[in-house]
Protein chains: 2
Amino acid sequence: MPATAERLKKLGTETAYAVAEEAAKHAKEGNKVYALHIGDINIATPKCVSDAMKKAVDDGKTGYCPASGIAPLKETIAEYFTETRGTKYSADEVSVQPGGKPVIYKFLLAIMEEGDEILYPTPGYPIYESCINYFGGVCKPYIYKDSDSGFHIDLEYLKKQITPKTKALIYNNFHNPSGCASSEEEMKAVADICKEHDLWVLDDQAYYQLVYDVPVTSIVSLPGMKERTVILWTFSKIFSMTGWRLGAAVGPKDIISTINKLNTNTEACTTHFVQYGGIAALTHPEAKKFTEDLRETLKKRRDIIFRLVNKIPGFKAHLPPATFYLFVEVTDAMKMKGVTQLEDFRRLCLKETGVSFCTREHFGTPLPFETRKYIRFAYASADEKQIISAMDVLTAWMSNDSSSKVVDVNVISSK
Amino acid sequence: MPATAERLKKLGTETAYAVAEEAAKHAKEGNKVYALHIGDINIATPKCVSDAMKKAVDDGKTGYCPASGIAPLKETIAEYFTETRGTKYSADEVSVQPGGKPVIYKFLLAIMEEGDEILYPTPGYPIYESCINYFGGVCKPYIYKDSDSGFHIDLEYLKKQITPKTKALIYNNFHNPSGCASSEEEMKAVADICKEHDLWVLDDQAYYQLVYDVPVTSIVSLPGMKERTVILWTFSKIFSMTGWRLGAAVGPKDIISTINKLNTNTEACTTHFVQYGGIAALTHPEAKKFTEDLRETLKKRRDIIFRLVNKIPGFKAHLPPATFYLFVEVTDAMKMKGVTQLEDFRRLCLKETGVSFCTREHFGTPLPFETRKYIRFAYASADEKQIISAMDVLTAWMSNDSSSKVVDVNVISSK
């Protein structure tokens, strides 16, 4: 067989999938698994969305549609963004996508030359790093400070990472995996840096609206930002539509037009009838209510997991103002268990308790100076009872008390 | 605003979309349009497929699924390929895709280094050329001979295009836009060339099974070919599912595993519930019957358009054994109308008759030595009556007899 491409060596992946596989294997072997590794939601998509999609199939919306998306969906998204992002958008500033994720590589292809430097958060969504590397960019990570008031972007560190080759900054407010949100000052400081250095911005808004205790604002509402920002937006999280693969790139007309051209070269168009589901999600009162209820449900889960995690010996976490993740420091817990590697800790915990989670190492390459160790609990795919059971099991494990393991509880099975 | 990427200049597109837009504009201005430019099908998706998809939604298949596709669909595709392609496939040799098109760029990313030469057919699907160029490869087109017995790959020309830098060959049997099929000898000769020069093969089987008068065989059935071939396959054409965006890459395990990793970096996964529609398409008797009926319907249309085209002054075409395209030589017709450029001929025809079609220029860059001029009629989105009307209008136009234009017929409106 001929050789494959050398450059594939630069392609990363979402290593969280390996965690899911290990959890599934553990479950298959007859063990209870408490699946807190998946960024998915255990609640059905609103019926009004499914109904609109089914109707579109019956109406014959099964043929090709424009590469940029159907006109009524683009218009609906533009209206929704105008109403919620503090600045005006029109339909030709919207490119419909099969999910939020494709916006990452398409944004990079649209703005990045070989050798351009891209700023991105670490820990952060691992596909940033993978795509920057793979498509010939240079990874310039920026970091978060873990302070008494939670996680904050280390602005001094960020500024030091900038060189004349810096082309763009990836911003992820509200942040996966830490669940943190920028203060008004932090957001303004990031915006000022981007304007000063004339950077493109990819604003990953996957968790926009899944925000609990802080104002929900977008960096594009700040002066001079809309024209340099492409928003990654997705129906996945706020409408429990992760498997639908529906999202959008929203940004300046020229770059959206380029992204549309990339659509034509890659998946051709987003599934036609699914886009009608998207219109219902943004216009039907039932869907609006769904997001409000979802936020309430997730807030309750967050409050429970936050309270219980901080009772586990060796575990500590800040109350995350957004997303459905809890980023937990386990430096002490690892010492107590006598392990030095996060992967060893994760596997040991899965083996001995059945609790499955991702760690900081699944969110980009750790930097050499990182000494504190973190894991991430995803609490959208587990209900309150399941979360309580999982925390109970962990508490027992860290207390070297195995009695909780035999309690018969609703078990979170891995998908 | 900061600059966009220079390399975007190398990105092509499907210029057929511009044709669709012009046709839509012409229709909007109150004109009749006979839309023969679209490679889409004016027949609904089989109900059993839609029903299976809807049931999957109701069963909660709305969350994430594996990047490679759901296991039962991969197994079903592997069985279908084993039954129909003359060689055995297993589920780990299948990567589910949002359509057939994404297989083009993912195949190239998986095997092509910067500067590698890729052989591809011209005229041919325009995304081959666009993606080879854009992702840093070197375009090495091969051509077809127009002979009394139809279109055949010019094997001598193809051999001359091979250098030590040649890495892969894109093969498209059954061929868009010419509708031609390889004879047994031609297919064997292509396979021998690929083996002799140790080339990867992308076998674009988008129109496999839409074949009328010749045996349906796959190049992977020839010895030594399966291990070097990635098949681009799609549900789009044979099940009238173009807007569903469902297809697959089928090939050697290692390269499929690489393509799965690319899935993780791009669209994450193919729409979850749509994949259940795919299982029904490959297993439900109603869907099998649908494809048989579709082939019959298209064969009738083909026979009609072939017969009528050859009566139009200045138009001539071979009977295409496959696909739903008719590739028509209009060298004489252009002389009769006094135009030298294909685009001028196309626009003139749209303006004066309402008949809309793509030309050879929409299928990759024409080579300098090409003197004969061709257009492509797509006959899957027009019924028999509409085809007859369009040919009637064209005959009148070429005969300088405008009487047919006022006949009240069912008009093909552009989508």
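This is a predicted model: local features need pLDDT of at least 70, side-chain atom pairs count only at pLDDT 80 or more; totals for chains, interfaces and linings use all residues.
Residues are numbered from 1 along each chain as written, with chains lettered from A and ligands numbered from 1 in written order. Local features need pLDDT of at least 70 and side-chain atom pairs 80 or more, while totals for chains, interfaces and linings use all residues.

**Overview. Chain A holds 13 helices and 15 strands.** Helices (H or I, at least four residues) and strands (E, at least two) are DSSP runs numbered from the N terminus. The C-alpha trace spans about 60 × 55 × 55 Å along its principal axes. Of the 415 residues of chain A, 56% count as buried (20 or more other C-beta atoms, placed from the backbone, within 10 Å; exposed is 12 or fewer, partly exposed in between).

**View 1. A cis peptide bond joins Asn173(A) to Phe174(A).** Its omega is near 25°. Phe174(A) sits in the loop between strand 7 (166–171) and helix 7 (184–196) of chain A.

**View 2. Chain B has a cis bond from Thr122(B) to Pro123(B).** Here omega is near 0°. Pro123(B) belongs to the loop between strand 3 (117–121) and helix 5 (126–134) of chain B.

**View 3. Arg245(A) is not a glycine, yet its phi is positive, about 55°.** The loop between strand 9 (229–234) and strand 10 (247–250) of chain A carries Arg245(A). Arg245(A) is buried, with 30 other C-beta atoms within 10 Å.

**View 4. Gln209(B), also not a glycine, has a positive phi of about 85°.** Gln209(B) lies between strand 8 (200–204) and strand 9 (229–234) of chain B, in a loop. Gln209(B) is partly exposed, with 16 C-beta neighbours inside 10 Å.
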